[in-house]
Amino acid sequence: MEPTTQAILVPISLWFILLIRYSSQIKKTTFENKSYFFFWLIVTLFCTFNFMPGDYYSYKELYENLYRSSYAIHVEEFFYYLTQALPHSYHLWRFIILTTSTIIIISIFKKLKCPTGFSVLVFTLLLMTYFAVPRNTLGFVVLYLAIVIIFSPNKKNKFFSLCIGSILIIWSFSLHKSMFIYILLMGFALIPLGKKLLITSIIAFPILYKSVTFISSYILLNSFANETSQESGTGYLESDFRVEVNINGLIQLFITRLPIFLLLFYSIRNIFFKKESVHYILKIFLQYSYWLIYISYLFMGQEVSAFLSNRFWDASLYPLTFFIAGYLYKKPRSRFIKNCFYLLILSNLYQLSYAIFKTL
């Protein structure tokens, strides 16, 4: 089923509501820690009724198959049992999963001591349009909550924090087939990303780019196979998910990714080259974002793994959101920072306009 223009105006309107309410945070440097209730309400509605092209309708088909099935049909048991336990309603199923994800992300913002308004603005511009994928999102936020708990332990009981964090990591592992990859990469992201390692990674990129075909084949066949058939992993290998190499494709990449690269390079320069002091958790999230984007570009344009490029790019926006929310709110609103936010608005408007265009 293809989405209609009228249907996708629902999530687009909700996105605009959050943007309009919190756009003043682009220029403000004073913050109030208000309730996240309005944020939770809008984001949950946005995710539950996200009729834009993408995973909404494929998940609806998956949900119906799960509901009629007597076993988990290659989907994680958690989502199967949730389907069986709830009344027969796809929107209720989405609501339960995505409201849980939203509550967890609110908990992360609170533990990082990010101001409410600024956190909501960053989320709206960086992550909101990617957040409505039930399984991926829940797996990611559970993993990041675990990392925050482990590395911001209760001073009175660090062992208890480590135990809770470890349980959450195990839970995240059971929420999506691909989570073991992200958990492994999170371990790699704990290694300090100094100037030498950054430069080495850039120099090594051309060599690594030529070596990813075997790795990508393994990942696709074992971690990103479709929910209804393990065999469709082979379909990913044989499909071409690359952005067309034409002027339209280049414009799309430029508009949607330029502000993210600007913020990433700005932060890396300040923290790793100018030695600016930041909390270790924020450093972890920045390092993790860098490696996910790095891997994304290793897979870009490959014959059998272009699909993975977008997957890793989308995954990078989660830790980058937490990092930007915890890092930039303390910064004076320079012209550079304000322009980055304006470019992010433009990027979102482009994506939302393109979603409307695809329904015409």
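User: Let us start with S267. Where is S267 found?
Analyst: This is a predicted model. In it, S267 is found in helix α13, residues 247–273.

User: Why is S267 called buried?
Analyst: Its relative accessibility is 1%. Buried means under 20%. So S267 counts as buried.

User: What does the side chain of S267 reach?
Analyst: The side chain reaches the backbone oxygen of L263, at 2.8 Å. A polar contact needs N or O atoms within 3.5 Å. Setting aside neighbours within four places in sequence, S267 is also in contact with L286, F323, I324 and Y327.

User: How many of the contacts join residues at least 24 apart?
Analyst: The share is 80%, counted among contacts between residues at least 6 apart in sequence.

User: How do you know that the length of helix α3 agrees with its residue count?
Analyst: Helix α3 runs over residues 55–68, which is 14 residues. The expected span is 1.5 Å times one less than the number of residues. That gives 20 Å, and the end C-alpha atoms are 20 Å apart, so the two agree.

User: Which residues of α3 are buried?
Analyst: They are Y56, Y57, Y59, L62, Y63 and L66. An α-helix has 3.6 residues a turn, so residues three or four places apart point the same way.

User: What do the buried residues of α3 pack against?
Analyst: They pack against four helices: α2 (37–48), α4 (77–85), α5 (90–111) and α7 (134–151).

User: Which residues have the most contacts inside the largest nonpolar core?
Analyst: Y144 and F341 do, in a core of 119 residues. Helix α14, residues 280–299, gives the most to this core, with 14 residues.

User: What is Y144 in contact with, leaving aside its neighbours within four places in sequence?
Analyst: Its partners are I108, M186, F285, Y288, L292, A315, Y318, P319 and F322.

User: Is C114 buried or exposed?
Analyst: C114 has 3% relative accessibility. The limit for buried is under 20%, so C114 counts as buried.

User: Why is C163 called partly exposed?
Analyst: Its relative accessible area is 30%. Buried is under 20% and exposed is over 50%, with partly exposed in between. C163 therefore falls in the middle class, partly exposed.

User: What is phi of K275 near?
Analyst: Phi of K275 is near 60°, a positive value in a residue other than glycine. K275 is found in the loop between α13 and α14. Its relative accessibility is 61%, which is why K275 counts as exposed.

User: How far apart are K338 and I26 in sequence and in space?
Analyst: They are 312 residues apart in sequence and 6.2 Å apart in space, C-alpha to C-alpha. K338 lies in helix α16, residues 335–357. Leaving aside neighbours within four places, K338 is in contact with I26, K27 and R333.

User: Why is K338 called partly exposed?
Analyst: Its relative accessible area is 25%. That value lies between the 20% and 50% limits, so K338 is partly exposed.

User: Last, what makes S201 buried?
Analyst: S201 has a relative accessible area of 6%, under the 20% limit, so S201 is buried. S201 lies in helix α10, residues 195–209. Apart from neighbours within four places in sequence, S201 is in contact with Y290, W291 and Y294.

Technical notes: Residues are numbered from 1 along each chain as its sequence is written. This is a predicted model: local features need pLDDT of at least 70, side-chain atom pairs count only at pLDDT 80 or more; totals for chains, interfaces and linings use all residues. Side-chain values use heavy atoms; hydrogens and water are left out. Helices (H or I, at least four residues) and strands (E, at least two) are DSSP runs, numbered from the N terminus. Buried means under 20% relative accessible area, exposed over 50%, partly exposed in between (1.4 Å probe, protein chains only). Contact means heavy atoms within 4.5 Å. A polar contact is a pair of N or O atoms within 3.5 Å; within protein, one must be able to donate a hydrogen and the other to accept it, and residues adjacent in sequence count only if both atoms are side-chain atoms. A nonpolar core is a set of buried Ala, Val, Leu, Ile, Met, Phe, Trp, Tyr and Cys residues joined through side-chain atoms within 4.5 Å.
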